[in-house]
Amino acid sequence: MKNPTKYKKKIVKKTDLTDEIKKKIREICKNHPKIKQKIKNIKDLEKKLYYAMVWEVTESQPLHILENFNKRGWRDHHLDHIYPISMGFKEKIPPVKVGNIKNLRFIPYTENLDKGFKITTESMNALRRIKRRRK
């Protein structure tokens, strides 16, 4: 028979970690309310935190210097992470690199929706740039 005390300790540690992740997500969303909408459908807490952290970095970038910034809008141009956030999470690339201005651009919304999380030649070039960055 398994020792119930050991089992309880593992649950407590996992619960503490879950609570800590939820706290970090809440903190980011409190400081950046738009992010809450972007991550609301992500179920995996670690992935949700990663996305929130990437968007936090993204929103702190000088987006106004990007081409087509003035066309930004839901039915016009979307902010695109050239190397997708989902692949950054999968490859364990730090959020500060995925959210960096060098990995961002504004593209027509239809193009962004079609692209999704596909890896393109442009994405691979962005990945090389991202990995070279020190921070």
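**Overall fold and confidence**

The model is predicted. Its mean pLDDT is 88, and 88% of the residues of the protein chain reach 70 or more. Confidence is lowest in helix 1 (residues 4-31), with a mean of 78, and highest in helix 3, with 97. Where pLDDT is low, the predicted coordinates should not be read in detail.

The protein chain contains seven helices and two strands. Read from the N terminus, the order of these elements is α-α-α-β-α-α-β-α-α. The chain has 135 residues, of which 36% count as buried.

**The two strands**

Strand 1 and strand 2 run antiparallel and are joined by five bridges. Within this pairing, Leu79 has Phe106 of strand 2 as its bridge partner.

How are the side chains of strand 1 arranged? His77, Leu79 and His81 point one way from the strand, while His78 and Asp80 point the other way, and all are buried. Because five of the five residues of strand 1 are buried, this strand is largely enclosed by the rest of the structure. Strand 2 is mostly covered as well, with four of its five residues buried.

**Aromatic contacts**

Two aromatic pairs are counted in the model. In one of them, the ring centres of Phe69 and Phe106 are 5.8 Å apart and the planes meet at 70°; the pair is therefore edge-to-face, since planes over 60 degrees apart are classed in this way. Phe69 belongs to the loop between helix 3 (45-59) and strand 1 (77-81), whereas Phe106 belongs to strand 2 (residues 104-108), so the contact ties together parts that are 37 residues apart in sequence.

A ring also takes part in a contact with a charge: the charged end of Lys38 sits over the ring of Trp55, at 4.1 Å from its centre.

| Residue | Relative accessible area | Class |
|---|---|---|
| Phe69 | 34% | partly exposed |
| Phe106 | 4% | buried |
| Lys92 | 72% | exposed |

**Backbone angles in the loops**

Most residues other than glycine have a negative phi, and most peptide bonds are trans. Asn68 has a positive phi of about 70°, although it is not a glycine. Asn68 is located in the loop between helix 3 and strand 1. Lys92, likewise not a glycine, has a positive phi of about 60°. The position of Lys92 is in the loop between helix 4 (85-90) and helix 5 (95-98).

**The largest pocket**

How much space lies in the largest pocket? The volume is about 820 Å³. This pocket is lined by 25 residues, and those closest to its centre are Lys38, Trp55, His78, Leu79 and Asn112. Two or more lining residues come from each of helix 2 (33-39), helix 3, strand 1, helix 4 and helix 6 (109-115). Which element gives the most to the lining of the largest pocket? Strand 1 does, with five residues.

Several features described above meet at this site. Lys38 and Trp55, among the residues closest to the pocket centre, are also the partners in the contact between charge and ring. Leu79, likewise in that group, is the bridge partner of Phe106, and Phe106 in turn forms the edge-to-face pair with Phe69.

Definitions and conventions: Residues are numbered from 1 along each chain as its sequence is written. This is a predicted model: local features need pLDDT of at least 70, side-chain atom pairs count only at pLDDT 80 or more; totals for chains, interfaces and linings use all residues. Side-chain values use heavy atoms; hydrogens and water are left out. Rings of Phe, Tyr and Trp (its six-membered ring) pair if their centres lie within 6.5 Å; planes under 30 degrees apart count as stacked, over 60 as edge-to-face and the rest as tilted. Buried means under 20% relative accessible area, exposed over 50%, partly exposed in between (1.4 Å probe, protein chains only). A charge sits over a ring if NZ of Lys or CZ of Arg is within 6 Å of the ring centre and within 35 degrees of the ring normal. pLDDT is the predictor's confidence in each residue, from 0 to 100. Two strands pair if DSSP finds at least two bridges between them. On a 1 Å grid over the protein atoms alone, a cavity is a set of points where a 1.4 Å probe fits but cannot get out, and a pocket is an open set with protein on both sides within 12 Å along at least five of seven lines; lining residues have an atom within 4 Å of a point. Grid points are joined across faces, edges and corners, and a volume is the space filled by probe spheres set on the points.
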